[in-house]
Amino acid sequence: MSRTLVVVHRWAGRPNTDFYPWLEEKLREPPAPFDDILTLDMPEPATPTIDGWVSTLTRTLGPVPPPSTVFLGHSVGCQTLLRYLAAMPEGHRVEGAVFVSGWFEVDKPWASLRPWLDTPIDFARVRAALGRTVVVLSDSDPFTSDWRRNRQLWEEHLGAEVIVVPGGRHFNNPREPAVLQAVQSHFGARPR
C-alpha cells in the first residue's frame with residue numbers, strides 16, 4: 001500500500017515557503033519513508049477559513065484517506081487537520097500526524113483567527129481517527145508564549161507525545177531540523 005505524507009502549511013504560507021521544500025527534499029532521500037509527499041496549496045492563505053481549508057482537504061483526499069496516510073500540519077494547518085480528522089467517518093484511522101506549532105489558544109487573537117479558536121473540535125473523534133500523535137512546540141513561540149499550557153492541552157485533548165524545542169520560535173525557517181527529526185524518528189520506518 002502506498003504511504004503518503006500530506007502537509008498543510010501555516011497561515012499566510014505556501015508550499016514553497018518555510019521548511020516545506022527542504023523537508024520534502026530530505027524525506028525523498030533513500031531510504032525514503034514515503035512513496036509520495038503532498039504539500040497542499042491552501043486557498044486564501046492570508047485569511048484562511050475553517051470551511052475553505054477543511055473542504056480543500058476533503059476535495060483533495062476524499063472524506064477518508066488511506067490508512068497509510070501521515071499528516072503534517074503547521075500552525076493553522078494543525079487546526080485544519082484536527083477538524084478534517086474529526087469529520088472522518090467513524091471506524092477509519094490514519095497512521096498518524098506531526099503537528100508543528102499547533103495551538104488551541106493564542107496570546108493576541110485577531111478577528112479572522114477567532115472562528116478557529118471559538119469553533120469546538122470533537123477530540124474524541126480525532127483520537128479515534130489518529131494512530132500516533134506527535135506535537136513539536138517551541139518554548140519561544142511568539143503566538144503562544146505559555147508553551148507549558150499548550151503542551152498540557154495537546155496531552156489532555158489527544159494524548160499526544162509533545163516535543164519542546166528550545167528557541168524554535170514558530171518554525172518558519174527554510175530548514176527546521178527538529179521537524180525533520182520528529183518525522184523521521186516517529187514515521188521514518190515503514191510499518192510492517
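A: Two strands count as paired if DSSP finds at least two bridges between them. Keep in mind that this is a predicted model. With that rule, strand β1 (residues 4-8) goes with β2, since five bridges join them and the two run parallel. Within that pair, V7 stands opposite T39 in β2.

Now step back to the whole sheet. It's an open one of six strands, in the order β2-β1-β3-β4-β5-β6, with parallel pairing. β2 (36-40) and β6 (161-165) sit at the edges with a single partner strand each, so one side of each has no neighbour in the sheet. From one strand to the next, the twist averages 15°.

On to the helices that lie across the sheet. Helix α3 (residues 76-87) lies across β1, β3 (69-74), β4 (94-100) and β5 (130-138), and runs at about 140° to β3. Helix α6 (residues 147-158) lies across β4, β5 and β6, running at about 175° to β5.

Then there's a helix-helix contact to look at. Helix α1 (residues 20-27) packs with helix α7 (residues 177-187) at an angle of about 40°, their axes 10 Å apart. That angle makes α1 oblique to α7. The crossing of α1 past α7 is right-handed. On the α1 side you'll find W22, L23, K26 and L27, which meet P177, V179, L180, V183 and Q184 in α7. Sorted by class, this contact of α1 with α7 has seven nonpolar residues, one polar and one charged.

Conventions. Residues numbered from 1 in each chain as written. Predicted model: local features only at pLDDT ≥ 70, side-chain atom pairs only at ≥ 80, totals over all residues. Heavy atoms only, no water. Axes fitted to C-alpha atoms, helices over the stretch in contact; angles between N-to-C directions. Helix = DSSP H or I, 4+ residues; strand = E, 2+ residues; numbered from the N terminus. Parallel < 35°, antiparallel > 145°, perpendicular 65-115°, else oblique. Left-handed = near helix turned anticlockwise from the far one by under 90°. Contact = heavy atoms within 4.5 Å. Nonpolar A, V, L, I, M, F, W, Y, C, P; charged D, E, K, R; others polar.
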